[in-house]
Amino acid sequence: MNCGTTSCAEIMLQILAIGLSNGAVIALNAIGVTLVYGAVRMLNFAYGDLFALTTVLVVVVVRGLDLIPGMAALPLLGGLALALVASMAFGSALNVAVERVAFRPFRGGSRLAPLIATVGLSFMLYEAALLWRTSDKSVPG
């Protein structure tokens, strides 16, 4: 295996770090879905899209504050704390909105209606995240 200018061990460590971070995100998502189901006994098909839309917000905040690896620790930690608080507030507000739109109107009625509502919300949230992500020219790719 020809690794070029970086050593193969460095590449393997990078791949390991990426795999562990992606696995942690998937685990957080799974825990969130489980908690939602445990609380309302109904699947929320929009949960992954809520997660994605909140992730777009974090990327916008981090890029807007110009947080980059190697910068001074105090501004970096302050910016990351701001991104954390903003994402928690935004995610909470989105989840409250989904509960009020998709679950509350159907409480006590059909068990199928909230599922269909969350599928519809899932499509709308996904498109919102996609539009926000593609319209933001500060984020590369």
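Analyst: Let's start with a rule: a salt bridge is a side-chain nitrogen of Lys or Arg within 4 Å of a carboxyl oxygen of Asp or Glu. One thing to keep in mind as we go is that this is a predicted model.

User: Okay, how many salt bridges does the count come to by this rule?

Analyst: By that rule, the count here is one salt bridge. Arg-104 pairs up with Glu-99, and their closest N and O atoms are 3.3 Å apart.

User: Are those two partners, Arg-104 and Glu-99, buried or exposed?

Analyst: For this you need the cut-offs: under 20% relative accessible area is buried, over 50% is exposed, and in between is partly exposed. Arg-104 has 42%, so it counts as partly exposed. Glu-99 has 19%, so it is buried.

User: Next, pockets. What is the volume of the largest pocket, and which residues line it?

Analyst: A pocket is an open set of grid points with protein around it, and its lining residues have an atom within 4 Å of a point. The largest pocket here has a volume of about 300 Å³. Its lining is made of Val-25, Leu-28, Tyr-47, Leu-50, Phe-51, Thr-54, Thr-55, Val-58, Gly-91 and Asn-95.

User: Which helix gives the largest share of that lining?

Analyst: That's H2, with six residues. Helix H1 (8-40), helix H2 (47-64) and helix H3 (73-103) each put in at least two. Sorted by type, the lining has six nonpolar residues, four polar and no charged.

User: And on the outside, which residues form a nonpolar patch on the surface?

Analyst: Look for Val-33, Tyr-37, Leu-43, Phe-45, Val-119 and Phe-123, which together have about 520 Å² of accessible area. H1 and helix H4 (112-135) each supply at least two residues of the patch. Val-119 is a handy example: this residue lies in helix H4, and its relative accessibility is 34%, so it counts as partly exposed.

User: What about backbone angles? What is the phi of Asp-66?

Analyst: The general idea first: most residues other than glycine have a negative phi. Asp-66 has a positive phi of about 55°, although it is not a glycine. You'll find Asp-66 in the loop between H2 and H3. With 58% relative accessibility, Asp-66 counts as exposed.

Terms used
Residues numbered from 1 in each chain as written. Predicted model: local features only at pLDDT ≥ 70, side-chain atom pairs only at ≥ 80, totals over all residues. Heavy atoms only, no water. 1 Å grid on protein atoms, 1.4 Å probe; cavity = no way out; pocket = protein on both sides within 12 Å on 5 of 7 lines; lining within 4 Å. Points joined across faces, edges and corners; volume = space filled by probe spheres on them. Helix = DSSP H or I, 4+ residues; strand = E, 2+ residues; numbered from the N terminus. Nonpolar A, V, L, I, M, F, W, Y, C, P; charged D, E, K, R; others polar. Patch = residues over 30% accessible without salt bridge, like charges linked within 9 Å, V, L, I, M, F, W, Y side chains within 5 Å. Areas by Shrake-Rupley, 256 points an atom, 1.4 Å probe, with all protein chains shown as cover. Buried < 20%, exposed > 50% of the residue type's maximum accessible area, 1.4 Å probe, protein only.
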